[in-house]
Amino acid sequence: IYPPPPSLEDSSKVLVPVHEYQYLNDKANMPLLADSRFLPERRFYSPDQMQELTRQSPDRPVYLKVALPGATGLGIDVRYCPDAQSWADSLEWLEGKCVGITGLIVEEAVDIRVCWCLNVAVLASECRYMGAAIQLFDAPARQSGSRIDPDDQPPREAVELALAIAEKARLRGYLGVAGFDIGITPQGRLFVFDLNFRLNGSTTQLL
């Protein structure tokens, strides 16, 4: 479940320590887990750099992502900014989001043909790929559901990428289910958009 209740923070009986769960799910730490070749162009702003955002406006569509300890879902901490007005609206939205966050990410809005959630099982001695579901969106960054399409599955490179990310988490001591949002462009290039070290919306569907 997320967020974990405060009573678990000092518990020695949980499978994954809360501080590790928070670290792995923090979008600020994605470059430490996923190969940078597969990340969209992004810039990270620490909390004391946030005023810089009010003095600029991107010259191309971007996603504004809140980075915070722990997990979120369904894009609730992501805003799509295709123009100056949506950028200004997103900065206003951010005013109530700045408590307890680790920073903000301004990320290139990549043209994606399809995005999957690739599910993996992180076991004590290995990581296993469990399958992938296509993510459905009713608006940019607003997921509405998942669909399993046997005729549109991730390429081997995407599966290997997911397993490499999972292996880094396993070596840190993570155990359990994870799901990674990996998309592919019309030209066949892969990008990683989010890492979810938890049960995902598509996990039961895939199993």
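**Exercise 1. In which helix is the place of E92, and is E92 buried or exposed?**

Step 1. E92 sits in helix α3, which covers residues 84–94. Helices (H or I, at least four residues) and strands (E, at least two) are DSSP runs, numbered from the N terminus.

Step 2. The model is predicted, with local features needing pLDDT of at least 70 and side-chain atom pairs pLDDT 80 or more, while totals for chains, interfaces and linings use all residues. Residues are numbered from 1 along each chain as its sequence is written, and side-chain values use heavy atoms, without hydrogens and water.

Step 3. E92 has 55% relative accessibility, so E92 counts as exposed. The cut-offs are under 20% relative accessible area for buried, over 50% for exposed, and partly exposed in between (1.4 Å probe, protein chains only).

Step 4. E92 belongs to a negative surface patch. A patch takes residues with over 30% relative accessible area and no salt bridge; like charges are joined within 9 Å, and nonpolar side chains (Val, Leu, Ile, Met, Phe, Trp, Tyr) within 5 Å. Asp and Glu count as negative.

**Exercise 2. How many helices and strands does the chain have, and what is its radius of gyration?**

Step 1. Count the elements. The chain has 5 helices and 9 strands.

Step 2. Read them in order from the N terminus: α-α-β-β-β-α-β-β-β-β-α-β-β-α.

Step 3. Check the radius of gyration (taken over C-alpha atoms; the globule rule is 2.2 Å times the number of residues to the power 0.38). For 207 residues, a compact globule would come out near 17 Å. The chain has 17 Å, so the two agree.

Step 4. The C-alpha trace spans about 50 × 45 × 30 Å along its principal axes. Of the 207 residues, 45% count as buried.

**Exercise 3. Where does A141 lie, and what is its phi?**

Step 1. A141 is in the loop between β6 (127–139) and β7 (142–147).

Step 2. Its phi is near 70°. That is a positive value in a residue other than glycine.

Step 3. A141 has a relative accessible area of 15%, so A141 is buried.

**Exercise 4. What separates the C-alpha atoms of W87 and P58, and of P155 and A71?**

Step 1. Start with W87, in helix α3. W87 counts as buried because its relative accessibility is 3%. W87 and P58 are 29 residues apart along the chain, and their C-alpha atoms are separated by 7.9 Å.

Step 2. Go to P155, in the loop between β7 and α4 (156–172). P155 is partly exposed, at 29%. P155 and A71 are 84 residues apart along the chain, with 27 Å between their C-alpha atoms.

Step 3. Finish with two tyrosines. Y21 lies in helix α1 (residues 18–25) and counts as buried, at 10%. From Y21 to E9, 12 residues apart, the C-alpha atoms are separated by 10 Å. Y63 lies in strand β2 and is buried, at 18%. From Y63 to M50, 13 residues apart, the separation of the C-alpha atoms is 15 Å.

Conventions
Accessible areas come from the Shrake-Rupley method with a 1.4 Å probe; for residues, only the protein chains shown count as cover. A salt bridge is a side-chain nitrogen of Lys or Arg within 4 Å of a carboxyl oxygen of Asp or Glu. The place of a charge is taken as NZ of Lys, CZ of Arg, CG of Asp or CD of Glu.
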